Amino acid sequence: MIEDIKKTLAKYWGYDDFLPSQKRAMECVGRGTDSIVVLPTGGGKSLCFQAPAVIMQGLTVVVSPLISLMKDQVDALRECGISAARIDSSLSADEQQAVYSALHSRELKLLYLSPERLVSDGFVEMLGSMKLSLIAIDEAHCVSMWGHDFRPEYRQLGMLKKMFPDVTIGAYTATATEQVRHDIAEQLNLKDPEMLVGSFDRPNLVYKIRRRTNKVKQVCAVLDRHKGESGIIYCIRRKDVDGMFSHLSAKGYNILPYHAGMADEDRKKNQDLFINEKVDTIVATIAFGMGIDKSNVRYVVHTGMPKSLEHYQQETGRAGRDGLEAECCLFYSGGDYGTWKSLMSDMQPESYKIAMVKLNHMYNYCTGGACRHKAILRYFGQDLDKDNCAACDMCLGEMDCLDNALETAQKILSCVVRLEQRFGGGYTALVLTGSNDKRILENNHDALSTYGLLSDYSKHTVHDWIEQLEGQDYLRKVGDYNVLNITEKGLQVLKGNETPRLLKPAEKPAKASRVVEDSWEGVDRGLFEALRKLRTTIARKKGVPAYIVFGDATLRDMARLRPSDHTRLLEVKGVGEKKSRQYGDVVVATIKDYCKAHSIDMDVDRRRM
Ligand code: ADP
């Protein structure tokens with residue numbers, strides 16, 4: 001069976017191999033074993049049930065929590081030439097009727113439904129009269145109260161195993177702790193399910209974390225590196241979204257806002273404009289993102305620290321679903337810690353305790369000096385099998401370790417002592433850098449022995465170190481005013497018994513990310529841009545999002561191999577038979593014109609690259 005699936009992958013999707021874990025997940029379906037498949041976003045979960053569905057006899061029913069997700073997947077399947085449909089409340093009576101006819105004439109291979117529709121009386125009965133090949137539960141963590149997105153409707157899915165004991169069930173999710181996985185198995189009444197847990201690492205995401213200094217300037221620098229590409233900027237509060245939106249739109253960026261305080265129709269409009277690539281960037285609270293399957297998000301910026309690493313992973317996870325490089329920049333400040341703490345203050349004591357543990361992990365992650373990929377994986381209980389990820393600010397050498405970290409830390413901690421542990425980080429940084437700020441002069445703090453001890457550095461750098469010391473537990477912020485106190489560990493530094501790790505921006509230019517270099521290798525960028533324009537024209541004419549026509553990875557492969565006819569075009573990853581027939585003529589013509597105008601070769605042999 002797996003050989004047949006491989007042929008299907010090539011014929012319909014234009015892929016020549018499986019992604020890690022896909023093969024095992026598909027084998028389970030082929031064998032008729034129930035399974036729980038946990039793969040990160042972009043791990044290729046949908047193909048795990050879609051590809052077997054195409055070759056198996058009968059209908060695969062897919063349960064999905066959101067209309068937008070169903071629509072996206074059904075559109076993508078149809079573009080590949082696979083007979084798929086969805087039934088949901090957004091369809092007109094005529095459209096629904098057409099789906100029922102297709103069902104009865106056994107034409108459909110995949111049917112997408114919401115959980116409540118599937119378990120409704122008439123529907124279960126109707127399905128009982130059909131041959132079912134598989135029931136796939138997408139976003140399966142929704143079944144568990146321990147998951148982050150519990151949906152009571154998912155609970156009723158437990159009846160499916162009773163109604164259809166001989167039909168295999170596959171549950172798919174990107175986020176599931178062991179507890180959630182067991183809960184999924186139990187709630188769905190799965191029969192000895194195989195648990196497949198892939199690596200949570202997203203090697204194509206380049207993580208960069210900096211202290212926030214000038215927010216707008218820092219964000220603009222990211223946007224300028226990604227002109228004309230899609231991206232998301234996350235802010236903690238609605239008012240931050242509005243502020244950032246007005247700054248950036250005044251500067252001429254092609255950007256729109258999104259948050260829960262806006263009217264539903266405005267939010268929907270902005271989301272659609274983003275998906276259809278009429279706007280490059282969305283600035284949003286975390287209300288934005290669920291149900292967005294857009295594969296070519298090239299950057300995600302956080303203008304404030306998220307409240308947990310789970311949130312950070314989920315939000316950054318929206319970048320680079322197509323497997324190509326994407327940049328994830330987080331600008332944090334110690335103030336964010338305080339903001340979250342006060343936003344959480346009315347939680348129940350037990351929940352507050354858990355939330356604070358998560359918040360502390362997040363803060364330590366920001367201020368810590370370890371490989372960002374490794375640190376996230378460790379948090380989720382996995383390990384990275386290499387020393388240098390080549391895809392984070394630490395491993396790319398954007399930050400250097402300070403040689404005299406002990407001495408510098410001692411200067412900072414002594415200053416905290418001289419200030420009688422009564423001032424915050426910003427003020428302490430001003431004293432250490434020898435500022436003439438009015439408050440310092442009024443307090444006579446220019447007379448302290450530690451005044452100006454770090455005047456070779458900017459106040460931002462020194463404040464950054466103070467926060468790094470706090471993140472490593474040498475300092476603690478106390479009370480409503482976040483005054484700095486020295487911890488037991490901090491005292492050890494003063495005695496010279498322990499040396500903290502302090503980082504500063506590197507003086508020499510950072511290495512380019514290998515992830516970026518590899519994914520552009522052999523690609524003619526001019527041709528890539530020409531093909532991108534062509535894709536936009538096709539997508540607008542058809543009324544589907546651009547990434548449904550061709551993903552960015554496919555366009556790059558076209559601009560790398562530069563095929564001169566339909567047969568060669570099929571060698572491009574992501575071009576199956578239907579797409580080659582449908583778009584082959586215009587794609588090949590665009591490639592020919594470009595190559596002629598620029599005198600470059602066509603029909604490049606992948607093996608010779
Ligand atoms: P997930 O649902 O796990 O987030 P998707 O199913 O959306 O992931 O797949 C992520 C991306 O990877 C999509 O662009 C998809 O077309 C691509 N993809 C899936 N399987 C393969 C494969 N075998 N080879 C190459 N690309 C693949």
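The expected span of a helix is 1.5 Å times one less than its number of residues. Keep that in mind for the first stop, and note that this is a predicted model.

- Helix H18 covers residues 405-418, and its 14 residues should span 20 Å at 1.5 Å a residue; the end C-alpha atoms are 20 Å apart, so the two values agree.
- The buried residues of H18 are Ala405, Thr408, Ala409, Ile412, Leu413, Ser414, Cys415 and Val416.
- An α-helix has 3.6 residues a turn, so residues three or four places apart point the same way.
- Among the elements covering the buried residues of H18 are the helices H19 (425-432), H21 (459-471) and H22 (488-494), along with the strands S15 (475-478) and S16 (483-486).
- Just after H18 comes Glu420, with a positive phi of about 55 degrees.

**Helices H2 and H3**
- H2 (residues 22-31) packs against H3 (residues 45-55) at an angle of about 45 degrees, and their axes are 9 Å apart.
- That angle is why H2 counts as oblique to H3.
- The crossing of H2 past H3 is right-handed.
- H2 contributes Gln22, Ala25, Met26 and Val29 to the contact, while H3 contributes Leu47, Cys48, Ala51 and Pro52.
- Of the residues in this contact between H2 and H3, seven are nonpolar, one is polar and none is charged.

**Leu110**
- You will find Leu110 in strand S4 (residues 110-113).
- Leu110 counts as buried because its relative accessibility is 0%.
- Leaving aside residues up to four places away in sequence, Leu110 touches several residues, including Phe49, Leu59, Val62, Leu77 and Ile82.
- Ala136 lies 26 residues from Leu110 in sequence, with 9.9 Å between their C-alpha atoms.

Definitions and conventions
Residues are numbered from 1 along each chain as its sequence is written. This is a predicted model: local features need pLDDT of at least 70, side-chain atom pairs count only at pLDDT 80 or more; totals for chains, interfaces and linings use all residues. Side-chain values use heavy atoms; hydrogens and water are left out. Helices (H or I, at least four residues) and strands (E, at least two) are DSSP runs, numbered from the N terminus. Buried means under 20% relative accessible area, exposed over 50%, partly exposed in between (1.4 Å probe, protein chains only). Contact means heavy atoms within 4.5 Å. Axes are lines fitted to C-alpha atoms, for helices over the stretch in contact, and angles run from 0 to 180 degrees between N-to-C directions. Angles under 35 degrees count as roughly parallel, over 145 as roughly antiparallel, 65 to 115 as roughly perpendicular and the rest as oblique. A crossing is left-handed if the near helix is turned anticlockwise from the far one by less than a right angle, and right-handed if clockwise. Ala, Val, Leu, Ile, Met, Phe, Trp, Tyr, Cys and Pro count as nonpolar, Asp, Glu, Lys and Arg as charged, and the others, Gly among them, as polar.
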